[in-house]
Amino acid sequence: MNIKASAPGKLLLFGEHAVVYGYPCIVTTVSPRVYVEVEKNSGPLKIEAPQVKDTIFVEEAIKHFCEKYKVDNKILIKTFSNFSSKFGLGSSSAVTVATIKALSKFYGIETSKKEIFDLGYKVIRTIQKVGSGFDIASAIYGKTIYYVSGGQIIETLSVKDLSLVIGYSGIKADTASIVKNLEFRIHNSESEYKKIFSKIGKIVEEAKISLVNSDWKKTGELMNQNHKLLQELGVSTEKLDNMCFSAVSAGAYGAKLSGAGGGDCMIALTPKNKIKNVESAIINAGGEIINAKINV
Ligand code: PMV
């Protein structure tokens with residue numbers, strides 16, 4: 001018997017970093033997915049994951065699942081992905097969720113979304129030590145969600161026709177070390193950072209409304225403001241700043257880095273008739289365009 005499951009990648013629209021400190025964020029899914037197959041193996045656990053350099057997320061997901069549901073791990077697991085892990089689109093969280101879903105099906109154990117979340121979040125925390133779990137929630141719930149750390153709130157937002165251009169900066173960011181570095185800096189001037197987080201929190205609340213109302217002008221302005229605050233947090237880079245600035249100059253409603261910063265991707269909310277211009281501007285600023293459907 002050969003069982004399959006999959007989970008999508010993600011992009012943070014608003015609220016990165018502040019979400020680690022108790023504020024909400026808004027995250028959407030992208031069309032590229034990670035696929036996991038499970039079959040019985042006569043010998044011990046075997047993992048075939050030709051596209052990834054380490055299989056730690058798959059291993060931890062299997063370990064936590066087998067411990068929780070008291071099943072053996074005499075299985076062969078294969079993973080496939082139609083996007084590169086270098087983009088920072090959430091391949092680790094997607095492979096974690098897809099593994100848990102595949103194991104649930106394989107062992108005939110019914111698991112609720114909340115149970116998959118709790119297990120997936122544990123896996124991420126065990127490996128990275130930090131993180132709000134927004135990426136795990138996104139891979140499970142899909143579409144666009146409003147999220148508060150630890151899954152305290154997971155609310156699906158009815159967002160239509162989100163027109164985003166995604167630009168990859170060419171630099172792979174190490175999320176866990178950026179989060180830890182910020183935590184270290186916060187110790188020295190807590191009140192200053194708290195003010196920034198609180199401003200980001202307000203932007204997320206406004207964006208929750210503007211996104212649902214398809215008020216793209218307002219949403220774009222909020223993206224620009226959010227990016228400025230991320231600059232103040234010291235997590236943006238010159239390359240990301242240039243890509244965002246170029247996108248807005250070429251007609252995007254607004255643009256910001258997406259995720260931890262330090263590299264990975266930026267996003268530009270763009271009127272349909274300006275997409276080609278914005279894509280060219282991002283390429284001229286040294287970025288690479290990632291073609292993916294959003295909010296799937
Ligand atoms: O780098 P990404 O796309 O995994 O996003 C990280 C977002 C943070 O808020 C910085 C961390 C987190 O776990 O919420």
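Biologist: Which crossing does α1 make as it passes α2, left-handed or right-handed?
Modeller: Helix α1 passes α2 in a right-handed crossing, meaning that the near helix is turned clockwise from the far one by less than a right angle. Helices (H or I, at least four residues) and strands (E, at least two) are DSSP runs numbered from the N terminus. The model is predicted, with local features requiring pLDDT of at least 70 and side-chain atom pairs pLDDT 80 or more, while totals for chains, interfaces and linings use all residues. Residues are numbered from 1 along each chain, and side-chain values use heavy atoms, without hydrogens or water.

Biologist: Which residues of α1 make the contact?
Modeller: On α1 they are Phe-57, Val-58, Ala-61, Ile-62 and Phe-65, where contact means heavy atoms within 4.5 Å. Those of α2 include Val-95, Ile-100 and Leu-103.

Biologist: Turning to α9, which of its residues are buried?
Modeller: In α9 (residues 275-284), Val-278, Glu-279, Ala-281 and Ile-282 are buried (under 20% relative accessible area; exposed is over 50%, partly exposed in between, with a 1.4 Å probe and protein chains only). They line one face of the helix, because they fall within an arc of 160 degrees seen down its axis, taken from the directions to the C-beta atoms.

Biologist: And what is exposed on the other side?
Modeller: Lys-276 and Asn-284 are exposed there. The cover over the buried residues includes β7, α8, β9 and β10. Just after α9, Gly-286 has a positive phi of about 95 degrees.

Biologist: Where does Asn-226 lie, and is it buried or exposed?
Modeller: Asn-226 belongs to helix α7 (residues 216-233) and is buried, at a relative accessible area of 0%. Beyond its neighbours within four places in sequence, Asn-226 touches Phe-14, Gly-15, Glu-16, Ile-200, Ile-203 and Lys-256.
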